[in-house]
Amino acid sequence: MKTITCRFLLALLAAAPLAQAQYAFTLIADSSSPTFQDFGGTTYTPALNTGERVAFYATVKASAGGGSGIFTGNGGPTTAIALTSGPTFSSFGRSPSINTAGTVAFAASLKSSIGGLFTSDGGAATTIQVDGDSTYGGGIPSINTAGMVAFTAALNAGGSGVFIGNGGVKTAIVLSSEPTFSLFDINLQVNAAGTVAFLGYLDAGGNGIFTGNGGATTTIALSNGPTFSAFFAPSINAAGTVAFKANLDAGGSGIFTGNGGATTPIALSSGPIFSSFKYTSINAVGSVAFIGGLDSGEDGIYVVEGGVTKKIIATGDTFHGSTVRDLYFGPGGLNDLGQVAFRYSLFDGTSGIAVATAPEPGSALLAALGTIGLLARRRGGQRGLSGAS
């Protein structure tokens, strides 16, 4: 396993607005390898499961067969999940999703030019939805531990909906033909219980973040209330808490969490650190990771744990022998172990996929305390020598 360790200064004061710690970075795949050419545009972000395995999209060098594919890896050899060089698929769309068993859900076009959603662990693919089987335009899939895939799709008969299925009958979570909703965003996420967090547009105007599992939906936040004006790509954890980016009526934006009651601000552009935000992800313990733009101009990946904001990596940082130019992170990028998968590009032209792993709980504090103790001993020794002179 190829691992890079980046050392940052540790903030010793708990009240500091931005804490920095030592993260270990594991390279999953990069364009300097004999296999991979690049890792897609801004819509392609990697997903990470609790088995520390990453699912990602990549194009393949001509010398390695060409085309593109969906792959998984954990720092060793990568596994091809689906390839355009094979007999089935002609292209792949958007970001894949991966569950704890290593099964990957992905959007693809078939050689027949029909689009659909599929799952695979590297063997034969299972069809979740294809254009013309009552739905079309399957959006971005999200797969849970049970192998159920949630997705947004339009209906051949008109309207659209949020659906869930595993290759058999698709179950509607919510439909635009029912009262309340007129349209649904393609970005959504499903948790282990089969509850889907989604962005819905309302018949009455405005939009909101909602959750549902086939019964009544739960409202997480609305744009026609006193706080929010627009929403983006929600993420949901096992407890049903949703993290999302929102624009605010008062101006600016923020990252928030909610489960049907009052929402909680996680980070705000009106605060002392951030000026903007992109995609967010929440894990089982309630940690929230996101891309944040700093007032000073850099973009970085940050995680908020227990009310403390920690930097993972940012543009301008030294990484993999060069300097970070761009970072990409999505709703499936944070796992329940607190690890973060992301895509990067460097100023030397290299791009790739990596995983950031936080220090062991307490190790950073112990290191800080050890440093403080060493300084105290040194100062005590200096005072002793001074007193003897």
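How many bridges join strand β31 to β32, and in which sense do the strands run? The points below start there.

1. **Basis.** This is a predicted model, in which local features need pLDDT of at least 70, side-chain atom pairs count only at pLDDT 80 or more, and totals for chains, interfaces and linings use all residues. Numbering starts from 1 along each chain as its sequence is written, and side-chain values use heavy atoms, with hydrogens and water left out.

2. **β31 and β32.** Strand β31 (residues 322-328) is joined to β32 by 4 bridges, and the two run antiparallel. Valine 324 stands opposite leucine 346 in β32. Strands are DSSP runs of E, at least two residues long, numbered from the N terminus. Two strands pair if DSSP finds at least two bridges between them.

3. **β32 and β33.** Here 6 bridges join β32 to strand β33 (residues 351-357), again antiparallel. The bridge partner of phenylalanine 342 in β33 is alanine 354.

4. **Burial of β32.** In β32 (residues 340-346), 7 of 7 residues are buried. Buried means under 20% relative accessible area, exposed over 50%, and partly exposed in between (1.4 Å probe, protein chains only). In a regular strand the side chains alternate between the two faces of the sheet. Val340, Phe342, Tyr344 and Leu346 point one way from β32. Ala341, Arg343 and Ser345 point the other way.

5. Phe342 and Tyr344 belong to a cluster with Phe25 and Phe319, linked by ring pairs. Arginine 343 lies over the face of tyrosine 328, at 3.9 Å from the ring centre. The criterion is NZ of Lys or CZ of Arg within 6 Å of the ring centre and within 35 degrees of the ring normal.

6. **Sheet β9-β10-β11-β12.** These 4 strands form an open, antiparallel sheet in that order. Its edge strands are β9 (89-98) and β12 (126-130), each pairing on one side only. The twist averages 25° from one strand to the next. Axes are lines fitted to C-alpha atoms, and angles run from 0 to 180 degrees between N-to-C directions. Strand β10 (residues 104-110) pairs with β9 over 6 bridges. Glycine 93 stands opposite alanine 107 in β10.

7. **Aromatic pairs.** The whole structure holds 32 aromatic pairs. Rings of Phe, Tyr and Trp (its six-membered ring) pair if their centres lie within 6.5 Å; planes under 30 degrees apart count as stacked, over 60 as edge-to-face and the rest as tilted. Phenylalanine 89 and phenylalanine 106 have ring centres 5.5 Å apart and planes at 75°, so the pair is edge-to-face. Phenylalanine 89 sits in β9 and phenylalanine 106 in β10, 17 residues apart. Phenylalanine 89 is buried at 5% relative accessible area, and phenylalanine 106 at 1%.

8. **Sheet β22-β23-β24-β25.** This is an open sheet of 4 strands with antiparallel pairing. β22 (228-236) and β25 (264-268) are its edge strands. Strand β23 (residues 242-248) is joined to β24 (residues 253-258) by 6 bridges. Alanine 246 stands opposite glycine 254 in β24. The charged end of lysine 245 sits over the ring of phenylalanine 232, 4.4 Å from its centre.

9. **Confidence.** pLDDT is the predictor's confidence in each residue, from 0 to 100. The chain mean is 88, and 87% of residues reach 70 or more. Over residues 1-16 the pLDDT is below 50. Residues 362-389 stay under 50 as well.

Methods:
Contact = heavy atoms within 4.5 Å.
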